[in-house]
Amino acid sequence: MSATSQDFPFTILDVAGLLPLRIKRRTAGSFYVDCPFCGDTKGRLNISRKNVWRCNRCDASGGMLALYARMYGISNAEAYREICEALGCDHSNGDTATPARRCPESAVLLPPAVPQAAPAAPQTIHQTLTLLLEQLSLSPRHKAHLLSPKRGLTDAQIERFGFRSTPPSFLCRGLAERLLAKGCTLQGVPGFYQGEDGKWTVNFSNRASGILIPAVGLDGLLCGMQILLDRPLRDQDAPPEKKGAKYIWFSSNDRLMGFTSGSPVHFVGDPFAKTVYVTEGLLKADIAHCLTGRSFAAVAGVSSLANLERQLPVLARSGTRTIVEAFDMDKQSKPQVSAACEKMEQMVLTNRMQCIHLTWDATYKGIDDWQLALRAAQAQNEPINQRAA
């Protein structure tokens, strides 16, 4: 019988503390670190308190022994002996342990978990986030951006999707108080948390200002929001070519009694459509839907396919027969995007649906860029490559 994590005298958090890992953020049940295997510097490797780990960029994964073993190029048995030696645990095989590699002084120690709220019911999350958006407005600058040729939306479409501007941080406490006065539940809703004084507030900051992009599930309920940032967030030690994150989830998973958004799948269009397009980016899906009239499911990025996998059986039961992969055209040059396309195809086939891969002129990165170029060309009576496969 194979050993389980409960059979070990240590946890993955103990193991991670021995390794030179750079922690970027934490949640109630896991930590995100830079991946030492693919060179990621955006904290995409998740270390779960369930004693497993996985990089959302290179897809490397395994248990706690594999994490240590792969880091140092040794076997799992050798990793076990070294970990026990470093932590002062007994190991029963009687072998002399290899001298353990010690955690360098620069390694970041794992901080204690912050108490998190249990998730609120989907209808509760929908009601609270809907009323929150009603308290906010869209700034003229942000509206002009959405109306610009880069985005191509209309006033009616902007209102339909409920885009809003993030408020200044000094309004956060007042927003929470008004929502409570309206009878809203804040506990277990992404973005809300308790301050040091125990009072509820909402996680908006001037550093992460931007446009709120609502995420709506297949059931039509608002389940989360992304922020299209005014200024991309960059790590201080990131190389100059790294532009930083343009989108972040509206979340409070690192705050007292906060809750994570969980990177939900966004859906726009007919939930009973025979054909559904899948792309990366919530705003991209909204724009592409407006330009094509097709139904779109959007993941936050090609590394966020887990929730899509859970939604595919629902789509199949609702009558969807074909899934069209419409990820960005860098799938032709980036191995991780190409691998995500193949992984999605297998997920689709598992649910007995057809998978079609859509391509277009690589001059245009996203399907929204391509469709906007088509519209502009048609307005000028100019031809444009409409190749699709």
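## A loop-and-helix tour

Select D59 to begin: at 40% relative accessibility, this residue counts as partly exposed. Keep in mind that you're looking at a predicted model. D59 sits in the loop between β4 (52-55) and β5 (61-63). Check its backbone while you're there: phi is positive, about 70 degrees, even though D59 is not a glycine. For context, most residues other than glycine have a negative phi.

Next, walk along to helix α2, residues 64-72. Which of its residues are buried? Colour M64, L65, L67, Y68, A69 and M71, and you have them. In an α-helix there are 3.6 residues a turn, so residues three or four places apart point the same way. Now show what covers those buried side of things: the cover of α2's buried residues includes α1 (12-17), β3 (45-48), β4, β5 and α3 (76-87).

Now jump to M257, in the loop between β11 (245-249) and β12 (266-268). Here's another positive phi on a residue that is not a glycine, about 55 degrees. Is M257 buried or exposed? It counts as buried, because its relative accessibility is 18% and the cut-off for buried is under 20%.

Last stop, the surface: select K150, K243, K246 and K365 together, and you'll see them gather in a patch of positive charge. Zoom in on K365, which lies in the loop between β16 (354-357) and α11 (367-379). K365 is partly exposed, with a relative accessible area of 47%.

Key
Residues numbered from 1 in each chain as written. Predicted model: local features only at pLDDT ≥ 70, side-chain atom pairs only at ≥ 80, totals over all residues. Heavy atoms only, no water. Patch = residues over 30% accessible without salt bridge, like charges linked within 9 Å, V, L, I, M, F, W, Y side chains within 5 Å. Areas by Shrake-Rupley, 256 points an atom, 1.4 Å probe, with all protein chains shown as cover. Salt bridge = Lys/Arg side-chain N within 4 Å of Asp/Glu carboxyl O. Lys, Arg positive; Asp, Glu negative; His and termini not counted. Charge placed at Lys NZ, Arg CZ, Asp CG, Glu CD. Helix = DSSP H or I, 4+ residues; strand = E, 2+ residues; numbered from the N terminus. Buried < 20%, exposed > 50% of the residue type's maximum accessible area, 1.4 Å probe, protein only. Contact = heavy atoms within 4.5 Å.
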